[in-house]
Amino acid sequence: MSSALTDLFPHPIVQAPMAGGVSVPQLAAAVAEAGGLGFLAAGYKTADGMYQEIKQLRGLTGRPFGVNLFMPQPEYPGASTGSTGAAGAAPLDAGAVEVYAHQLAGEAAWYETELGDPDSGRDDGYDAKLAVLLDNPVAVASFHFGVPSPKALEALRRAGTLTLVTATTVEEALAVERAGADAVIVQGVEAGGHQGTHKDLPETDGSGIGLLSLIAQVRESVSLPIVAAGGLMRGSQIAAVLAAGASAAQLGTAFLATPESGAHAVHKQALTDPLYVRTELTRAFSGRPARGLVNRFLREHGPYAPAAYPEVHHLTSPLRKAAAKAGDAQGMALWAGQGYRMARELPAGELVRLLMAELDDARTALSEAGRGDAR
């Protein structure tokens with residue numbers, strides 16, 4: 001199955017699906033044309049919006065590409081009283097969401113906008129998007145925030161689509177394997193944007209396993225091919241994860257600064273701005289742990305944001321849009337992995353070629369070192 005996946009693209013480079021308008025058709029096409037696997041991000045889009053982007057991408061490239069879906073979040077019966085919801089999920093404290101909304105009132109006044117409705121839906125249009133992918137199959141479909149049902153994965157397989165599911169622990173990787181996915185995306189804590197945990201528990205804040213350690217643990221426990229994700233910015237790092245047992249490397253932040261990326265110009269500039277000295281996992285913008293550059297919004301609101309996704313995402317959406325419109329990086333979600341300082345402002349296709357050159361150099365150096373040891 002590893003060859004079935006990697007045969008789709010000549011280079012072991014997967015462009016991460018970055019939701020929020022970053023992974024646009026132009027970026028996915030440029031990566032695909034250069035020999036990597038380009039990805040569209042369907043998260044936060046309508047089913048029709050996703051379909052239109054698939055059509056646009058097919059007009060830009062004839063090469064295989066992937067589409068990423070967010071899994072529906074469990075409903076929480078009795079949320080108004082703060083009772084426990086689905087098994088294994090954190091209880092949704094509606095009171096905490098209301099308190100957070102009061103805390104954000106000053107932000108709304110500053111940006112001259114209203115807060116969003118936290119009860120705007122928990123399924124991200126999943127069923128409709130899945131139906132589109134079954135009617136109009138793509139080469140690869142990946143999933144974040146949980147595991148699709150075995151029935152859904154089998155339906156995609158019959159349609160000719162390979163399936164990948166994100167895991168952040170060995171236990172999650174085992175669940176991916178049991179469900180029947182074709183490969184697992186092993187996401188280290190270094191990754192930018194949202195951690196793809198299957199359950200969102202408050203005590204997981206700030207915790208996580210580094211990518212190389214996680215690859216080793218998953219490889220010993222799961223027989224699925226591994227796509228490694230988390231802070232990868234150079235070809236030498238790709239060489240490291242391939243040597244550790246991955247079949248391919250998934251890079252997001254590395255492609256964020258490319259001209260084809262749909263990221264806001266202010267977001268791209270922040271990657272090299274000395275004002276931003278580190279990243280941090282935060283719930284401030286969405287209610288789920290996600291890694292971004294530490295800015296004013298994250299510092300002021302991160303410590304108080306409740307574990308409530310997607311309620312907090314809906315709540316802050318107008319604020320983030322208003323900050324972006326104003327060009328105010330201090331109010332935006334500046335998602336970035338730990339390696340953000342190594343971002344390069346190159347065309348996406350050129351970046352793929354450079355990464356491959358670096359990968360070849362790293363392999364050559366390792367080979368020469370090995371021959372030297374043998375002598």
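Strands are DSSP runs of E with at least two residues, helices are runs of H or I with at least four, and both are numbered from the N terminus. This is a predicted model, in which local features need pLDDT of at least 70, side-chain atom pairs count only at pLDDT 80 or more, and totals for chains, interfaces and linings use all residues. Residues are numbered from 1 along each chain as its sequence is written, and side-chain values use heavy atoms, with hydrogens and water left out.

**Confidence**
- The chain has an average pLDDT (the predictor's confidence in each residue, from 0 to 100) of 93, and 94% of the residues score at least 70.
- Residues 77-88 have a pLDDT below 50, and this stretch makes 22 contacts (heavy atoms within 4.5 Å) in the model beyond near neighbours in sequence.

**Sheet**
- An open, antiparallel sheet is built from three strands in the order β7-β11-β10.
- Strand β7 is joined to β11 (residues 290-293) by two bridges, and G193 stands opposite R291 in β11.

**Helix pair**
- Helix α6 (residues 126-135) and helix α7 (residues 150-158) have axes (lines fitted to C-alpha atoms over the stretch in contact, with angles from 0 to 180 degrees between N-to-C directions) that come within 10 Å and cross at roughly 25°.
- Helices α6 and α7 are therefore roughly parallel to each other, a label for angles under 35 degrees.
- From α6, Y126, L130, L133 and L134 meet A152, A155 and L156 of α7.

Technical notes:
Pairing = 2+ DSSP bridges. Parallel < 35°, antiparallel > 145°, perpendicular 65-115°, else oblique.
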